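Work through the exercises below with the sequence and the model at hand. Try each task before reading its solution.

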Amino acid sequence: MMKFFASFCLLVVLAAVNVSQADNLQCNIKSNAAFKGWPDMKEPCIRSMREQIQKEISASMQYLAMAAYFSNDTVNRPGFAEHFFKAAREEREHGAKLVEYLSMRGELTDTVKNLIKVMPVKVKSWSGLSALEDAFKLETEVTKSIRDLIKTCEGNSKKADDNDYHLVDYLTGVYLEEQLTGQRELAGKITTLEKMMASQGELGEFLFDKNM
Ligand SMILES: *[C@@H]1O[C@H](CO)[C@@H](O)[C@H](O)[C@H]1NC(C)=O
Ligand SMILES: [Fe+2]
């Protein structure tokens, strides 16, 4: 019993010492222990990728603002609200895909704060039509930005080494494809809504919203 009590006391003392020395117990793995030297993306391309991530996330926030606007009981256009909530999710997903791409290439080298930056949203008293038109304008800018990104990541045509073939293929075949399909969808919606409003006015917007 005495023996047990003695070792128990020893444990208590050791624990107390441990707590007081907690600062010394921090893990000491040096930050340069990470395996390096393999990432091979070139500089103007990496910077443009980061900017594209910010544009996608900012577009997501802009659509979220529009969704909030149409969700208001004083506006009450649930179809438009749902459309813009979905658009916001898609844009956030686009941003996330590019973050994952940089991660795959070992190129998440900037700080998180620099990477995840959002431009301020623009808000106005949208009609259904003006919101779709603003969305279309935003998508046109994003498309142009992706084309510029592709051009940048193709590098200098005289130096084949600068061409980031894999990223360019992904941006052209997957990313731009989705972008162009989305644009076509929006253009169709604008045409239909314009036609409905030409003959039915406000009732046209009401019916369009129901059908979204
Ligand atoms: C909702 O509408 C009211 C009245 O027009 C306005 O004061 C408020 O800012 C609106 N809120 C949102 C999120 O649209
Ligand atoms: Fe996008």
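The exercises go from the whole chain to single residues.

This is a predicted model, in which local features need pLDDT of at least 70, side-chain atom pairs count only at pLDDT 80 or more, and totals for chains, interfaces and linings use all residues. Residues are numbered from 1 along each chain as its sequence is written, chains are lettered from A and ligands numbered from 1 in the order in which they are written, and side-chain values use heavy atoms, with hydrogens and water left out.

**Exercise 1. The whole chain**

State how many helices and strands the protein chain has, and what share of its residues is buried.

Solution. Start with the secondary structure: the protein chain has 7 helices and 0 strands (DSSP runs, H or I of at least four residues for helices and E of at least two for strands, numbered from the N terminus). Along the sequence the pattern reads α-α-α-α-α-α-α. Next, take the burial: of the 212 residues, 34% are buried (buried means under 20% relative accessible area, exposed over 50%, partly exposed in between, with a 1.4 Å probe and protein chains only).

**Exercise 2. Two helix pairs**

Find how helix 2 is oriented to helix 3, and how helix 3 is oriented to helix 7.

Solution. Begin with helix 2 (residues 43-71) and helix 3 (residues 78-104): their axes come within 7 Å and cross at roughly 165°. Axes are lines fitted to C-alpha atoms, for helices over the stretch in contact, and angles run from 0 to 180 degrees between N-to-C directions. Helix 2 and helix 3 are therefore roughly antiparallel (under 35 degrees counts as roughly parallel, over 145 as roughly antiparallel, 65 to 115 as roughly perpendicular, the rest as oblique). Their crossing is left-handed (the near helix is turned anticlockwise from the far one by less than a right angle; clockwise would be right-handed).

Now take helix 3 with helix 7 (residues 202-210): the axes are 7 Å apart, at an angle of about 50°. Helix 3 and helix 7 are therefore oblique to each other. Helix 3 passes helix 7 in a left-handed crossing too.

**Exercise 3. The disulfide**

Locate the disulfide and say which parts of the chain are linked.

Solution. The structure holds 1 disulfide (a pair of cysteine sulfur atoms within 2.5 Å). The partners are C45 and C153, with sulfur atoms 2.2 Å apart. C45 lies in helix 2 and C153 in helix 5 (residues 128-154), so the pair, 108 residues apart, links distant parts of the chain. The angle about the S-S bond is 95°, and the link is right-handed. Both C45 and C153 are buried.

**Exercise 4. The iron ion**

Name the residues that coordinate the iron ion (ligand 2).

Solution. The donors are E56 (OE), E91 (OE) and H94 (ND1), at 2.1 to 2.2 Å (N, O and S atoms within 2.8 Å of the metal, or 3.2 Å for Na, K and Ca; water is not among the atoms, so sites may look incomplete). Their spacing in sequence is E-x34-E-x2-H. E91 and H94 are about one helical turn apart because they are 3 residues apart in helix 3. E91 and H94 are both buried.
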